[in-house]
Amino acid sequence: MNSNPVAVYGLGNMGYLVAQRVAKQFKVKVADLDTVQVQNARAAFAAIPIVDTQDVADVRTVVLCLPTPAASRHVLGQIAPHLPPDAIVIETSTVNPDDIHTCQQLLTPFGLRIIDASILAGVSQMEAGTATLLLGGEKEDISAVQAVLDAIAEKQIHFGPLATGAAAKVINNAVAHAVMVVVAEAGALATATGVDCNKLIALLADPQMGLHRPLTHRYAERVVSGNYEGGMPLDAARKDSTLVLELAQSKGVPLFAIQGSHSAYEIASAAGYGREDYAAVAKVWADWGKPTVPVK
């Protein structure tokens, strides 16, 4: 076991499992407002309770798994003056990029660094060791705490500079939550029109159709390369969108996400993209000065 202690702040459902996994490779110090959880960690995997800020004087790696950005800032404000000057903080909480940069500003006067290692997993995946870490930060900082990251989760994706991992996590979750609304709307339409929901699920899950095609073909192959020639015209997609709105209205099914997406096709068509592949709807954001891929 590595003799260098790792401090884990936050022993909620996810944080407790993170501390447990780290404890298999390192001596672990833990802190949480829930003293019962702290004692559970002490009994289960010999975690050492942090009772004073001086207790982190020998800690060179701090893992945060806290419920809010404010909690992360509060903890760092308390412990930063007491950490060794070469210590690195691993922020695993779900936060925005600005929160990561604010934390770095808190740490800089003390010679400390932070990386983001957002956890992409549920509790069961973390427990099973199949979670993924979305990393952002300097390569040398990540390398310095690689053993701790490996103890948390073997699968890791380094997205780039500081806070890019946090951004990727928030974007991923946003897509999942938005798709959940679209799928709920699709299910309501299926039920209203007598479509077998299990067969609809199979259709939407088909790699060549449904949910996959917009990402793997239209975004990955067309939007990223700026290739909008041929394919299904945007005006045809707008027509299909109009049809589903009419269907929903006739069946009394309220739509939110699908209705909102229709507006983007209307805007793109009015901008003159109607005869291009319907992936050209991405040009709407470029017209607003917010391109969907980096400008080369």
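Reader: How do you know that strand 7 and strand 8 pair?

Author: Two strands pair if DSSP finds at least two bridges between them. Strand 7 (residues 132-136) and strand 8 have five bridges, in the parallel sense. Therefore they count as paired. Thr132 stands opposite Lys155 in strand 8. Strands here are DSSP runs (E, at least two residues), as helices are (H or I, at least four), numbered from the N terminus. This is a predicted model, where local features need pLDDT of at least 70, side-chain atom pairs count only at pLDDT 80 or more, and totals for chains, interfaces and linings use all residues. Residues are numbered from 1 along each chain as its sequence is written, and side-chain values use heavy atoms, with hydrogens and water left out.

Reader: What makes strand 3 and strand 8 stand at the edges?

Author: The open sheet has eight strands in the order 3-2-1-4-5-6-7-8, with mixed pairing. Strand 3 (48-49) and strand 8 (155-160) each have a single partner strand, so one side of each lacks a neighbour in the sheet.

Reader: What does helix 8 touch in the sheet?

Author: Helix 8 (residues 164-193) touches strand 6, strand 7 and strand 8. Contact means heavy atoms within 4.5 Å. The direction of helix 8 makes about 25 degrees with that of strand 6. Axes are lines fitted to C-alpha atoms, for helices over the stretch in contact, and angles run from 0 to 180 degrees between N-to-C directions.

Reader: Why are both faces of strand 4 called covered?

Author: Thr61 and Val63 on one side are buried, and so are Val62 and Leu64 on the other. Buried means under 20% relative accessible area, exposed over 50%, partly exposed in between (1.4 Å probe, protein chains only). In a regular strand the side chains alternate between the two faces of the sheet.

Reader: Why is His262 called buried?

Author: His262 has 7% relative accessibility, so it counts as buried. His262 lies in helix 12 (residues 257-273). Leaving aside neighbours within four places in sequence, His262 contacts Arg238, Ser241, Thr242 and Leu245.
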